[in-house]
Amino acid sequence: MLATQRSISGSSQSPRSPSSQPFLSVSVTDPVKLGNGVQAYVSYRVITKTNFPEYQGPEKIVIRRYSDFVWLRDRLFEKYKGIFIPPIPEKSAVEKFRFSAEFIEMRRQALDVFVNRIASHHELQQSEDLKTFLQADEETMERLRFHETGIFKKKPSDLMQIFKDVQSKVSDVVLGKEKPVEESNPEYEKLKHYIFELENHLTEAQKHAYRLVKRHRELGQSLSDFGKAAKLLGASEGNALGKAFSELGAKSEALSFKLQKEAHQLLMNFEEPLKDYVRAVQSIKATIAERANAFRQQCELAETMKLKEINLDKLMLTRSDKVAEAEHEYKELKADSEEATRRFETIVRLMNEEIVRFQEQKTIDMGVAFHEFAKGQARLANSIADAWRSLLPKLESCSPAQ
């Protein structure tokens, strides 16, 4: 999702003024490469402006690295079950691209979107982990990263690994001891179908957007090469013909620059938002997996409680001396079962709210992305047409009369 929700106060009131509208604005800026070799990484300046009273002041600037953003994402995923935690850009698997200017800028933009999604979410913005991320010094953040004991401790695994793990647990029928425990709900099935279909369509669209960027760049490079050759040809000719060739070369090189510029805009404003939504859908699938896990736990506890209840009835009929112990175990199990039911119902409620919010934001963001795409293509087409049109009279003057 694009960072359309970032709050910016244009009021002359003080950020701490009680009459000011509450706002939390975050900017991820100034990426800087630090270190060398395998120890090299990129740091970012994270600037927070807010009038939230629980924050240390109206403005705070901290330095963060990619692993700090991963820490924040992981903490939120563990604590806010049922909420679609914004996705984080993946690490580059190709060493030579890790520190290219384009890759660093793409990651900076994606991290900016990530943290602003959290800051604009009515529940996530209240997170203590977000406050820590936006205000703690670098030493504190490093300590927190190394002492993390959550599900992502070993590495920032792909969220979809959780989905696979849950599927494995739910479908454990190797020894025939368990049958898959799955939620039977038409609306839920419809939601899952929608999400899986959406992922396929977005992935396909992003793949073709990548090809468009690649073709723009290739055409730009070809025009640049042709422009150089035409200028050399013009230099070897004299009179009007040589001048026409030189101008043809100059126009080709100018158009090459515009194509390369448009390719970059296409990458940042069209392909990247599509890729970001692919990641967002994967995050939703991870939440679906958590819902499946919560449902399974609820069912298992309910089944165990029934067995305990039957056993307790038997003990009471036989006046066994184990009745007190069995009653205590039953009460504990009942409390656990009720808690599991509440946890599952909370996830369902939050997911219902989240999918509405997601669809509304997706409509806005995809509208912006496709508008930018169409506007850029129209701008490029007009530039190309104008460039060649302006050259036609000069080329015609060199051609034999028709």
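In the predicted model, Glu262 is located in helix H7, which comprises residues 239-317. Glu262 is buried, because its relative accessible area of 8% falls under the 20% limit. Leaving out residues up to four places away in sequence, the residues touched by Glu262 are His216, Gly376, Gln377, Arg379 and Leu380.

The largest nonpolar core consists of 33 residues, and those with the most contacts inside it are Val46, Phe69, Leu72, Val115, Leu130, Phe133 and Leu134. Two or more residues of this core are contributed by each of strand S1 (24-34), strand S2 (41-50), H1, helix H2 (101-120) and helix H3 (128-135). The most is given by H1, with 7 residues. For Phe69, when neighbours within four places in sequence are set aside, contacts are found with Val28, Tyr44, Val46, Arg64, Ile88, Leu111, Phe114 and Phe133. Another core, of 31 residues, lies apart from the largest one and includes Leu202, Ile284, Ile288 and Ile347.

Helix H1 (residues 66-79) also packs against helix H4 (residues 138-146), at an angle of about 60 degrees and with the two axes 10 Å apart. H1 is therefore oblique to H4. The crossing of H1 past H4 is left-handed. On the H1 side, the contact is formed by Ser67, Asp68 and Trp71, and on the H4 side by Met141, Leu144 and Arg145. Classified by residue type, this contact of H1 with H4 contains 3 nonpolar, 1 polar and 2 charged residues.

How values were computed:
Residues are numbered from 1 along each chain as its sequence is written. This is a predicted model: local features need pLDDT of at least 70, side-chain atom pairs count only at pLDDT 80 or more; totals for chains, interfaces and linings use all residues. Side-chain values use heavy atoms; hydrogens and water are left out. Axes are lines fitted to C-alpha atoms, for helices over the stretch in contact, and angles run from 0 to 180 degrees between N-to-C directions. Helices (H or I, at least four residues) and strands (E, at least two) are DSSP runs, numbered from the N terminus. Angles under 35 degrees count as roughly parallel, over 145 as roughly antiparallel, 65 to 115 as roughly perpendicular and the rest as oblique. A crossing is left-handed if the near helix is turned anticlockwise from the far one by less than a right angle, and right-handed if clockwise. Contact means heavy atoms within 4.5 Å. Ala, Val, Leu, Ile, Met, Phe, Trp, Tyr, Cys and Pro count as nonpolar, Asp, Glu, Lys and Arg as charged, and the others, Gly among them, as polar. Buried means under 20% relative accessible area, exposed over 50%, partly exposed in between (1.4 Å probe, protein chains only). A nonpolar core is a set of buried Ala, Val, Leu, Ile, Met, Phe, Trp, Tyr and Cys residues joined through side-chain atoms within 4.5 Å.
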